[in-house]
Amino acid sequence: MSHSAPIRSHRKPRRRSTSTMALRAGVAGGVLSTIAVVGSANAATAAEPVTETVEMPTLTAALTSKAALSAEATQQAADAYQYRAEQQTAAEKAVKDAKKAQKAAERKAEAAAEKKAAEERAAAERAARGAERTDLSGVQTAAATSSSGSTAAAPAQSAPAPASGSVASVISFLQAQVGDAYVMGGTGPNSWDCSGLVQAAFKQVGVDLPRTSQEQSTAGTQVGTSNLQVGDILYWGGQGSAYHTGVYIGNGQYLDAANPGKGVVIQDLSGYPADGAVRVL
């Protein structure tokens with residue numbers, strides 16, 4: 001037998017009971033289970049921050065993208081609304097401008113038509129007045145002759161001989177202006193005030209009268225209103241302070257530039273008796 005060969009022990013092997021082995025196995029299993037559970041919990045706990053760190057940026061980027069798309073859509077809608085509003089405003093302005101232009105054109109056409117009609121009426125009236133002057137010239141000359149005879153019969157109210165021209169020419173001029181407008185300060189040719197018309201009428205025969213009614217009421221020779229002759233200048237108000245003048249044309253009538261409502265007309269002295277008269281022809 002070798003010296004190195006194992007020597008068998010003379011101790012009897014201990015027998016382990018089944019319950020003891022089972023207990024030890026249970027304890028070991030429980031420890032391992034606990035370690036597994038703790039390891040799993042730790043692994044889960046360690047994994048949670050990684051999950052949050054990866055998912056949150058992805059979620060934020062999606063929201064940002066959606067917000068950007070929503071803002072862009074809102075801006076596009078606002079731009080489209082503004083464009084439509086501008087188009088509507090421009091269209092409304094164009095319609096208003098067209099209406100204004102149409103009204104202006106209509107007013108212009110109406111004014112032109114009225115002007116033409118007024119010119120035609122004025123021409124017709126002038127033609128009629130010309131015919132009347134032709135018919136009345138003989139009557140007026142006869143009236144002037146008759147008045148001269150009456151003056152000779154009443155020397156107290158006689159007047160000097162005409163400086164120049166004739167009464168008939170004065171009356172003819174006045175008759176031609178019947179229908180013209182009255183305008184304060186007017187001296188013709190188509191609008192007059194009272195003294196402007198009287199001055200222009202006598203200027204036709206070379207008699208220069210003062211411009212105002214006050215001055216005209218002191219020109220020439222004062223005559224009584226009961227002994228008037230054709231061509232006498234009538235005045236209303238006091239001598240030197242008269243406010244209106246006209247010319248006597250015979251038959252109890254006178255011709256004057258009355259007022260803005262009447263214009264140049266022939267009127268009866270009975271309706272508006274004069275306060276005085278002067279004779280310059």
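Modeller: Searching the whole structure turns up three salt bridges. The term means a side-chain nitrogen of Lys or Arg within 4 Å of a carboxyl oxygen of Asp or Glu. Side chains of opposite charge can pair when their charged atoms come close. First, the ground rules. The model is predicted, so local features need pLDDT of at least 70 and side-chain atom pairs pLDDT 80 or more, while totals for chains, interfaces and linings use all residues. Numbering starts from 1 along each chain as its sequence is written, and side-chain values use heavy atoms, without hydrogens or water.

Some context for the chain. It holds four helices and eight strands. Along the sequence the pattern reads α-α-β-β-α-α-β-β-β-β-β-β. Of the 281 residues, 25% are buried. Buried means under 20% relative accessible area, exposed means over 50%, and partly exposed is in between (1.4 Å probe, protein chains only).

Take the pair within a helix. Lys-93 and Asp-97 form a salt bridge at 3.0 Å, N to O. Both residues sit in helix H1 (residues 18-153). They are four residues apart, about one turn of the helix. Lys-93 has a relative accessible area of 51%, so Lys-93 is exposed. Asp-97 has 36%, so Asp-97 is partly exposed.

Next, Asp-193 and Arg-211. Their side chains also meet in a salt bridge, at 3.0 Å, N to O. This pair links distant parts of the chain, 18 residues apart. Asp-193 is in the loop between strand S2 (191-192) and helix H3 (194-203). Arg-211 is in the loop between H3 and helix H4 (213-216). Which residue of the two counts as buried? Asp-193 does, because its relative accessibility is 6%. Arg-211, at 27%, counts as partly exposed.

Then Asp-232 and Arg-279. Their salt bridge spans 2.7 Å, N to O. Asp-232 lies in the loop between strand S3 (221-223) and strand S4 (233-236), and Arg-279 in strand S8 (residues 276-279), so the pair ties together parts 47 residues apart in sequence. Asp-232 and Arg-279 are both buried.

Back to Asp-193 for its surroundings. Leave out residues up to four places away in sequence. Asp-193 then touches Tyr-182, Val-183, Met-184, Gly-185, Gly-186, Arg-211 and Ala-257. A contact here means heavy atoms within 4.5 Å. His-244 is 51 residues from Asp-193 in sequence, and the C-alpha to C-alpha distance is 9.2 Å. Across the chain, of the contacts with a separation of 6 or more, 58% join residues 24 or more positions apart.

H3 is next. H3 is mostly covered, with eight of its ten residues buried. They are Cys-194, Ser-195, Gly-196, Leu-197, Val-198, Ala-200, Ala-201 and Phe-202. H3 packs against helix H2 (residues 167-176) at about 135°, axes 8 Å apart. That angle makes H2 oblique to H3. Angles under 35 degrees count as roughly parallel, over 145 as roughly antiparallel, 65 to 115 as roughly perpendicular, and the rest as oblique. Axes are lines fitted to C-alpha atoms, for helices over the stretch in contact, with angles from 0 to 180 degrees between N-to-C directions.

Which residues meet there? From H2 come Val-170, Phe-173 and Leu-174. From H3 come Leu-197, Ala-200, Ala-201 and Phe-202. The contact residues divide into seven nonpolar, no polar and no charged. Ala, Val, Leu, Ile, Met, Phe, Trp, Tyr, Cys and Pro count as nonpolar, Asp, Glu, Lys and Arg as charged, and the others, Gly among them, as polar. H2 is mostly covered too: seven of its ten residues are buried. Among them are Val-167, Ile-171 and Gln-175.

Most residues other than glycine have a negative phi, and most peptide bonds are trans. The bond from Gly-188 to Pro-189 is cis, with omega near 5°. Pro-189 sits in the loop between strand S1 (181-182) and S2. Asn-251 has a positive phi, near 55°. Asn-251 lies in the loop between strand S5 (244-250) and strand S6 (253-259). With 73% relative accessibility, Asn-251 counts as exposed.

Technical notes: Helices (H or I, at least four residues) and strands (E, at least two) are DSSP runs, numbered from the N terminus.
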